[in-house]
Amino acid sequence: MVLCSFYASTSLPVAKLQQSFPSSKSPSTVAATAVTTVPAQTVTTTTTASTAAAALSLHLPELPSQVKDKILSLELMGVDYGRALGLNPALRDAPPESIHAVVTFLQSRGLQFKDLGRVFGMCPSVLTASVRADLRPVFAFLSEDLGVPESAHRRVIVKCPRVLACSVRDQLRPALIYLRRLGFRDNRALALQDPILLVSSVERTMAPKLEFLAGLGMSRDDAVAMTLRCPALFTFSIERNYKPKYEYLVAEMGGGVEDIKAFPQYFAFSLEKRIVPRHRAAAEAGVALPLPDMLKATDEEFREMLEKEQKLQEQATTD
């Protein structure tokens with residue numbers, strides 16, 4: 001079964017075609033125009049995705065029918081074929097039937113049609129994955145190693161499509177073993193809340209960041225405790241996040257290691273948009289605030305805190 005025939009079977013509603021599309025439009029633009037859900041009260045009849053694909057194919061007359069079918073089917077899902085091909089050259093020679101097998105398998109595991117554009121857009125390599133050798137082991141890993149119920153598989157994949165593009169043996173299981181050794185005990189919470197950690201390299205990503213934090217002047221145990229409280233620390237760049245924010249904390253705010261040990265979430269806030277403006281506003285007001293109070297508050301709460309502290313200072317000077 002070719003892909004376009006498969007999508008015809010899904011009865012994806014599209015606007016009824018009234019005229020041919022201008023040839024100057026790209027396939028993705030035409031697909032976006034054609035595949036438009038129309039309220040039932042305004043349209044009495046709808047065409048299927050295969051009808052839209054037939055109209056779209058008029059704009060790719062120089063390509064073999066199999067290639068056109070593959071391009072149009074991906075465009076109907078919202079996947080930019082050119083970008084996908086650039087990231088996954090194997091897509092060029094992949095038969096539509098193999099892509100259809102991947103789509104069918106993912107839908108059988110709970111993914112919805114609306115999820116496919118995000119999954120394939122972020123990870124085009126999944127389009128040419130082997131269902132048996134690549135995809136089935138990932139879902140088995142979610143169930144058996146992480147204890148994620150089948151009803152929640154979709155949630156994990158949509159949150160982090162890269163999980164589907166990773167080898168269980170070479171990436172997912174080694175990352176899980178490393179995280180368990182650090183003290184991550186709730187496997188299901190790890191999968192549902194921080195699946196990006198499972199696709200992060202132990203050697204190139206997580207271990208170096210842990211070493212950097214420990215190198216600031218704390219013990220390794222303290223650094224590990226920080227990551228357990230704030231797993232997102234493993235996702236931040238050393239050069240673009242840790243270094244500039246820590247330097248600002250020390251040089252401008254008079255803080256140090258004890259501050260980030262107590263509040264590791266400090267690194268999760270934007271230096272330019274939150275840390276610097278809040279610190280300068282507090283300094284200009286002559287108010288000293290703990291890091292959590294200064295950064296976690298909303299803009300309104302922050303202004304109220306400054307006003308309150310200023311009034312207290314004024315009362316203290318008049319008494």
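Student: Is Arg169 buried or exposed in this structure?
Tutor: Keep in mind that this is a predicted model. Exposed means over 50% relative accessible area. Arg169 has a relative accessible area of 65%, so Arg169 is exposed.

Student: Which residue forms a salt bridge with Arg169?
Tutor: A salt bridge needs a side-chain nitrogen of Lys or Arg within 4 Å of a carboxyl oxygen of Asp or Glu. The closest N and O atoms here are 2.9 Å apart. The partner of Arg169 is Asp170.

Student: How many salt bridges does the structure hold?
Tutor: The pair of Arg169 and Asp170 is a salt bridge. Lys243 and Glu239 form a salt bridge too. For the structure, the count is seven.

Student: What separates Lys243 and Glu239 along helix H14?
Tutor: Helix H14 covers residues 238-251. Lys243 is partly exposed at 30% relative accessibility, and Glu239 is exposed at 52%. Their closest N and O atoms are 2.8 Å apart. The two residues are four apart in the helix, so the separation is about one helical turn.

Student: Which residues are linked with Lys261 in a network of salt bridges?
Tutor: Start with helix H15, residues 257-262, where Lys261 and Glu258 are three residues apart. They form a salt bridge, with the closest N and O atoms 3.3 Å apart. Lys261 is partly exposed at 24%, whereas Glu258 is exposed at 55%. The network links Lys261 with Glu258 and Asp222.

Student: How many disulfides are there?
Tutor: A disulfide needs two cysteine sulfur atoms within 2.5 Å. Take Cys166: the nearest cysteine sulfur, that of Cys160, is 7.3 Å away. Cys166 is therefore in no disulfide. The count for the structure is zero.

Student: Is Cys230 buried or exposed?
Tutor: Buried means under 20% relative accessible area. Cys166, at 15%, counts as buried. Cys230 has 7%, so Cys230 is buried.

Student: How far apart in space are Leu172 and Ser200, C-alpha to C-alpha?
Tutor: Leu172 lies in helix H10, residues 168-182. At 1% relative accessibility, Leu172 counts as buried. Leu172 and Ser200 are 28 residues apart in sequence. In space, their C-alpha distance is 8.5 Å.

Student: What is the C-alpha to C-alpha distance between Arg280 and Met253?
Tutor: Arg280 sits in helix H16, residues 271-284. Arg280 counts as exposed, at 51% relative accessibility. Arg280 and Met253 are 27 residues apart in sequence. Their distance in space is 9.3 Å.

Student: Which residues gather in a patch of negative charge on the surface?
Tutor: Look at helix H18, residues 299-318, where Glu300 is placed. Glu300 belongs to the patch. The residues are Glu300, Glu301, Glu304 and Glu307.

Conventions
Residues numbered from 1 in each chain as written. Predicted model: local features only at pLDDT ≥ 70, side-chain atom pairs only at ≥ 80, totals over all residues. Heavy atoms only, no water. Buried < 20%, exposed > 50% of the residue type's maximum accessible area, 1.4 Å probe, protein only. Patch = residues over 30% accessible without salt bridge, like charges linked within 9 Å, V, L, I, M, F, W, Y side chains within 5 Å. Areas by Shrake-Rupley, 256 points an atom, 1.4 Å probe, with all protein chains shown as cover. Lys, Arg positive; Asp, Glu negative; His and termini not counted. Charge placed at Lys NZ, Arg CZ, Asp CG, Glu CD.
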